[in-house]
Amino acid sequence: MPNVIPLVQSNYGVNFGGPIKRGKTFFFTSLDMLTFRSTVNTGYFNTLPLLSQRNGDFTQILDKTKVLGNDALGRPIYLGEIFNPATLRQVGGVNVLDGYGFDPATGLPTASANMIPANDPLRSQVAAGIIPFIPADFARNTIFTPNEFGGSSDDNNKIDVKTWLLRIDHSFSDKFKMSNTFFFNERPRTAHCGSPGGCTVGVTADPHTQSAQNTYFGQGFWQRVANRFDHLQFDYVIKPNLYNHTTVSYDRWFMGGHSLSGGHGWYKILGLTGLGPTGETPQAAISGPPGLSFAGGRVGYTALGQAWRDGFETNNRYQLLDDITWILGKHSVKAGFEARHQTYPQHGWALGAGGTYAFSGNETAGIDSKGNILSTSGDAFASFLLGQVDSTNYNNLIPYTPMQNYYAFFAQDEIKVTPKLTLTIGVRFDYEGGLHELHDGFSTFDPNTPNPGPGFNNILGALVFLKPGQRTFEDPGWNVGPRFGFAYSVNPNNVVRGGYSMYYGGIPGTLQGGYPVRGLTSNPTVPQLTNGVNPAIYWDGPGTSTCNYALSIGLSVSGNGCGFPQNVSDFSAIPNKKGDLLNTPYVPGGAAIIGDAANTTTMPRWQGWNIAIDHMFSSNMALDIAYVGNHGTRLPNAPAYLGPGNNMNDPKVLALGTSVLTSRSDASYAAAGIANPFPNLWHTPAGAPYNDTVAQALRPWPQYQAVNWRNAVTGYSMYHSLQATFDRRLSNGLQLRVAYTWSKLINNGAESANGGNNESAMSAQSNIQNPIDRDRGERSLSYDDVPHYISVGWVWELPFGKGKKFGSGVSGAADKFIGGWKLSAQQSYNAGRPLSITMNNDMSGLLFNGAKRPNKIGAGDAGVNADFKNPATDRYLLSSGWADPGSLKFGNSARTDPRSRGFAFYNEDLNLYKDTKINERVGVRFEAQGGNIFNRVVFCPPNKNWSSGGFGSVSSQCNNPRRFQFGLTIQF
């Protein structure tokens, strides 16, 4: 494994401008090109099964010295023990399994402990077909070698960036001027090359031909991102005190691409079934290999496969803005309006049309005497070998085009009350129109509509569609935002400023649950509803030896049988005509359903206030100290923050116990004191469009897995900060700015007005623990809480050359070499962000909540390794800082732990440049840029799953290593 990864980056370009018609029309154009080539290290951050594990030998993960508990027969369950799903039975109402190679009477290990026989009848033929495609891991003999952290990387193998800008300015008269700016940027890249297999295949824009013969099973993909905009601006001086500015613009953003191994026909090669009436949809046929993920047990394996089809998505924005400024005596009045029309054509970018399959250690884990699955037994790859799919889904799409309008008006008056006092008073009105679709192909969940679907007995909660003439389910309203500010000059050297404002954020079209386009797209899903006691499906399809064996011994498969179940797949979701959709009022398979509420377009609101003191020390030095506060309300949260409103169970159902909640027997329903809501479907599970365990039947809408409301307006935030800025204007060759912020940001999981798009925000949006304690239980520091932030920026004119301290008497020629050099820097230092510590969730299939947290123990920053130095040998987090709260109990750890923060960020960028005038018309600039000049390493957050064997380990670097760039610019 190389210590240095080769990297080549080249950046070059040209700028050119001048008059077209002297004194009237001018142009400027710029072309910039960047190429990036990297040899990606594809082994260091990945954990793949050993050759022995691929053959069924899991002896390395077995620890015979550690007993996790005892099962209902009193037999010991060992750390890392692999259990045989075919032996599932009940003893005294509690599920029991036998371990592979363990004495069935005593539970003690034999010579073949933790070995799955090659002739085991549950061995999956699909899994056997995939194993030869799994990339070889770098040489090692143990699964617990120090440099395996179980992650993958989005590293780029190659990037080619082209940027072109053209601007034309024209003066019609001294009072009326126009400018037009056209911008084009394109960035094709080959990415996700740090995953197993790297990006080892050729890349073209046509997935149907470029990979027809390859056997690449990696996660690499080809992507093209392009931006274009054209902005036309008009400036009109109506009178000396009256000025108008108008902008007409069009912006387009495009993103498209495909899996590197698309077009290979993976379903037929692997013998997978179920995606479509003939076994494979046309979209699956051109997709990459099925996506595989592995979780649970002692080892977390890196995901494999990239199931994307070739596709794209686009955002188009058409915009008109106009504002006018009128200066009248002591008043400076500004007013204006804005109108936007946005469209979002969707053609399947990053759509998993080839199917994704999740494997968990639960299906091969032990079950204790209370019916609890012991998550540090079992292994996800062992479950894979046995075809035990924990959950699965795929995407089916008919292209569609959501649309949305936005309008705003504002007026503001700046009043010079006295020579010392200035007041600003204003108001803004915002309106976000309801989202609609070009062909009116929207649907929503209505909790009060009886469901006439077959076997649903008119239970409340059904899918409804737009009526003829109806364009949207949303009911937007106008939003009013007042503004007030003041500035008071105490004396020439001291000014006090302050203000208050109420403002609103926009509503993105996608939001949390995506677009409500049932009828244009579907996401057939087979979820895990038994907490891993049974697989969601057997991977091998009907008629295979694995399926025949499983069914012959009466194994339950969560009611879904073998292969992707046809009753789950939906191919009737095709629009017939405007306002008339051919579809059912239920979702086959009981998957999640999107709800579009009337308040979806409730715009996020913030109230901000500040008070500041500015002090001038001298003509070139000033200090600004300010208190800045902000309170956000109506912020979008994940639908999970609606608790039972998202179809989650109240924790009081846990009193029934795991065995009852995960059972589907009539006796279990009687023990729970409820009636089966779907008696007509109970006795035919293979054809049922849902899985009616007791836990499922207790849900508010048991016919669905979740209700993903597009905008749960439940979020709030509170921000307080002390901000200080010191400025030294250019003097004696030195210019300096130092800024420091001391702050605290609290919220209840609402991390972004966009509903959360980054990793930490996504975690915040999904990691709700207690469905009925969302405010108090989820209130904590934000993932973006950075209590200390320092920024330093400076420019220094080096004292060399004519008129300088050194070399003041040099000749003109020599001065062109040693004079005119400047050194500038941007330095940033900030504290780490708080971490969210979770553990394996034994309630996910009972409450359908997003996370379980351990108990925090110890004082101060207990759990953080103060001696952490080397990620290859050290853990950043120590498991001793937390404890298991117990089976079916919530932990007391906060959603984010203020005592357990990620790594601080330190960075220094340096720039050395020199401007040289060749003559009056020609100049040259030489520039040398150094990024992260001290080559500081900032690690990504560690593994935060307390139950994981890799808890606290660090798998990757999150900042760029030191880089140098040189440039030469000729101006004429």
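Side-chain values use heavy atoms, with hydrogens and water left out.

The protein averages a pLDDT (the predictor's confidence in each residue, from 0 to 100) of 85, and 88% of the residues score at least 70. Over residues 146-151 pLDDT stays under 50, and the model has 23 contacts (heavy atoms within 4.5 Å) beyond four places in sequence for them; over residues 572-582 pLDDT also stays under 50, with 24 such contacts. Where pLDDT is low, the predicted coordinates should not be read in detail.

A search of the whole structure finds three cavities of 30 Å³ or more. A cavity is a set of points, on a 1 Å grid over the protein atoms alone, where a 1.4 Å probe fits but cannot get out, and lining residues have an atom within 4 Å of a point; points are joined across faces, edges and corners, and a volume is the space filled by probe spheres set on them.

| Cavity | Volume | Lining | Nearest the centre |
|---|---|---|---|
| Largest cavity | About 90 Å³ | 15 residues | Pro 85, Leu 88, Glu 363, Val 533 and Asn 534 |
| Second largest cavity | About 60 Å³ | 13 residues | Arg 75, Glu 81, Phe 83, Gly 99 and Gly 107 |

In the second largest cavity, strand E4 (76-79) and strand E6 (94-99) are the elements that give two or more residues to the lining, strands being DSSP runs (E, at least two residues) numbered from the N terminus.

Methods:
Residues are numbered from 1 along each chain as its sequence is written. This is a predicted model: local features need pLDDT of at least 70, side-chain atom pairs count only at pLDDT 80 or more; totals for chains, interfaces and linings use all residues. On a 1 Å grid over the protein atoms alone, a cavity is a set of points where a 1.4 Å probe fits but cannot get out, and a pocket is an open set with protein on both sides within 12 Å along at least five of seven lines; lining residues have an atom within 4 Å of a point. Helices (H or I, at least four residues) and strands (E, at least two) are DSSP runs, numbered from the N terminus.
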